[in-house]
Amino acid sequence: MNIRSILATTALGAVFAGSALAHPLDGLTPDELQQINTILKESGTVTDETLYPLIDLHEPSKAEVLDWKEGDVLDRKAMVQYTTDEGFSEAIVNITQGTVEENFAIEGSGQPMVLFAEFIGALEGALGHPDMIAGLEARGLTNEDAFCLPLTAGNFFTPEFDGTRLMKVPCYQNPTGSNFYAKPIEGLFAIYDIGKQEVVEVIDTGAIPLPQDAWGYTAEEVAERVELRPETNKVLLTQEGGPNYTLDGNHLEWDIWRMNLRAEKRAGLVVSNIDVNDQGNWRSVIYQTHLSEVFVPYMDPTEGWYWRTYMDSGEYGFGLFLTPLRAGVDCPEYATFLPAVIADDAGMPLEIPDAICIFERNIGDPAWRHFEIFAQTPDNFVPAEGRSETELVVRTASEVGNYDYLIDYRFKQDGQMFIKIGATGLDAVKGVVSTSMNDATAAEDTKYGTLIAPHLVAANHDHYFNFRIDFDIDQPVNHMGLMEIVPAEVPADSPRKSMWTWQHVMPDSELDARYRFSASKPRHVHISNPQSEGYLGHTPGWMIHHGSIAYGPFDFESDPPFKRNAYIEYSSWTTVYEQEQRYAGGKYAMQSDGSDTLAEWVKEDKPLMGQDIVSWFTAGFHHIPRMEDWPVMSTEWKTVHIMPFNFFAHNPALTIRE
């Protein structure tokens, strides 16, 4: 651990030591998690055998948080989902008062996210079942030659899902190198009922030739396969004299920005109270933003693949699968690394070291520049005027199965903010007969994917990342409008015959505020403060300059996975603020039926004008696999781009020092 990590961790501990000094939106501390456990047991709510899919901060009301001043004490509370003999229940625990304020059974659509113990139970149950053992033997394998990967089964609104909690469990040959996914045992998987703790069925569609290549990706393994590139001089990011940001517990300040950070088991990194310094005046921009849901549907309708329609955040947990970041690879050597604390299955604190990194970087780009040709004279050369750009990055990386997802919040000196998603890791592959596209079986084997290696097809699939962005531009009450590029009226006698302008469309209600974006119909989401007159008489605002979007020919009424994730039908949604509405795919995602989702909430069609509103934005992409993805994928970055619009009096980067 470097000195920055030590200092940051010490500051974190100092803030947590005195709860009166902690911000109301700080994450739960190890001490608080232990207190929650004690309170629940002493109240008779739980037993020593109880397991906890999710324990997260139960936030105070927004009004309480906005009124809070350092030194004030608000009751600290937690939302606790836990197991019972009948299923799952949820409690609100008041840590400050030592009481259980609410306690109710979780009923209706959906269940809490998967427990680690359930993963292990499904894995062991699948490998121990006689039909699975027989299927392995038919392929020349024993259960000691394989490991299994329990996966959420979705919900296809058929009787098998009624009153159950299912996982489907395919298996792989044990790796002989670094790649755990290189040798799938295709056509064989178990259906495991977590509630009954038993395999209810083993599906075997017939053996096919097993992949033989280990396809490792470490430097040593690659060097055995192909010659590594010649050694070169290292190109490194460095920083002299220490960071320009300050980190006081969870409170981060840098340049014109300040914010609070916390990690949650489901959402991963949560960024709150994002303020910007406008000529010495701190102004609020975003009350809170975080990952809301991740939806990854595969486009292969065969028996072993059609159900692979994962909700990676709500079913698995981006915080649960946060991974330690590696200095010099994931983040610069000089970055500050912070741990994340979440609750394990027993409700006890689990620390993930180096789960968050914070760093500044200058990659050699100008924040702005101008070379003035008219300033030049024969005797005097005037160089370009400009300033170099530095940005602040707050980064996490979650490994959910074969994929690794980097989530960045990047802050610019000119007031722009980027949410970046970096997808890397390994393709999910299926075993096939074909070793070449010249084989007679290739056309059928590659009907729903790409042959990327002998006996391996990577299936076509999508990735959708929904973010909840609660803008509070100077105050909670904001307006949402759409800025649309439209043809301009050109005078009949003008030599110009085609021009454009933009128009502001103000949707009246939630159903009107659903939008798609495309290059052929450019538009931007505009959030503004209607009760404030800004510089030059403008209404101060910010806009989502969309970024990465994707749509597909999906049936949101009849296809169960898309009914459960119908928020991807539009990239942008706007709702009236509701504290409990945090996840576009619903509060309980596992085996949900789509009745508690963003697409259903807006059917109330609440009026938007004069309200505290919340923006929801989905970045997405279609992944058509290619040989260049294998054995490990290059990082593919996708973007949600947030920028000021008539909020500042001038370019904020104007004041950067040379």
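## Aspartate 354 and its strand

At 26% relative accessibility, aspartate 354 counts as partly exposed in this predicted model, because the partly exposed class lies between the limit for buried, under 20%, and the limit for exposed, over 50%. Aspartate 354 belongs to strand S17, which covers residues 349-361, and its phi is positive, about 55 degrees, although the residue is not a glycine. As background to that value, most residues other than glycine have a negative phi.

## The nonpolar cores

The largest nonpolar core has 106 residues, and those with the most contacts inside it are Trp257, Ile358, Phe467, Phe471 and Trp542. Strand S8, residues 184-193, gives the largest share of this core, namely six residues. Apart from this core lies another one, of 21 residues, which includes Phe295, Ile568, Tyr570 and Ala599.

What does isoleucine 358 touch, when residues up to four places away in sequence are not counted? The contacts of isoleucine 358 are Tyr245, Leu247, Leu252, Leu261, Ala335, Thr336, Leu338, Leu392, Val393 and Val394.

## Phenylalanine 411

Leaving aside residues up to four places away in sequence, phenylalanine 411 touches Trp254, Trp257, Met259, Ile274, Glu391, Leu392, Gln416 and Met417. Between phenylalanine 411 and glycine 431 there are 43 Å in space, C-alpha to C-alpha, while in sequence the two are 20 residues apart.

## Cavities

How many cavities of 30 Å³ or more does a search of the whole structure find? The search finds six of them, and the second largest cavity holds about 80 Å³ of space. This second largest cavity is lined by 13 residues, of which Leu28, Ile55, Asp56, Ala263 and Val341 lie nearest its centre. The elements that give two or more residues to its lining are strand S1 (54-58), strand S12 (257-264) and strand S16 (336-343).

By residue type, the lining of the second largest cavity divides into eight nonpolar residues, one polar residue and four charged residues.

The largest pocket has a volume of about 990 Å³. It is lined by 41 residues, and the closest to its centre are Thr84, Gly87, Phe88, Arg165 and Gly195. Two or more lining residues come from each of strand S2 (77-84), S3, S4, helix H4 (116-128) and S8. The lining of the largest pocket divides into 11 nonpolar, 21 polar and nine charged residues.

Two of these elements, strand S3 (residues 87-94) and strand S4 (residues 99-105), run antiparallel and are joined by six bridges. Valine 93 has valine 100 in S4 as its bridge partner. S3 and S4 form a hairpin with four residues between them, and glycine 98 in the turn has a positive phi of about 70 degrees.

## Backbone features in two loops

Phenylalanine 157 lies in the loop between strand S6 (151-152) and strand S7 (166-173), and its phi is positive, about 55 degrees, although it is not a glycine. At 38% relative accessibility, phenylalanine 157 counts as partly exposed.

The other loop, between strand S32 (613-623) and strand S33 (633-645), is the place of proline 631. The peptide bond that leads from tryptophan 630 to proline 631 is cis, with omega near 5 degrees, and for background, most peptide bonds are trans.

Technical notes:
Residues are numbered from 1 along each chain as its sequence is written. This is a predicted model: local features need pLDDT of at least 70, side-chain atom pairs count only at pLDDT 80 or more; totals for chains, interfaces and linings use all residues. Side-chain values use heavy atoms; hydrogens and water are left out. Two strands pair if DSSP finds at least two bridges between them. On a 1 Å grid over the protein atoms alone, a cavity is a set of points where a 1.4 Å probe fits but cannot get out, and a pocket is an open set with protein on both sides within 12 Å along at least five of seven lines; lining residues have an atom within 4 Å of a point. Grid points are joined across faces, edges and corners, and a volume is the space filled by probe spheres set on the points. Ala, Val, Leu, Ile, Met, Phe, Trp, Tyr, Cys and Pro count as nonpolar, Asp, Glu, Lys and Arg as charged, and the others, Gly among them, as polar. A nonpolar core is a set of buried Ala, Val, Leu, Ile, Met, Phe, Trp, Tyr and Cys residues joined through side-chain atoms within 4.5 Å. Buried means under 20% relative accessible area, exposed over 50%, partly exposed in between (1.4 Å probe, protein chains only). Contact means heavy atoms within 4.5 Å.
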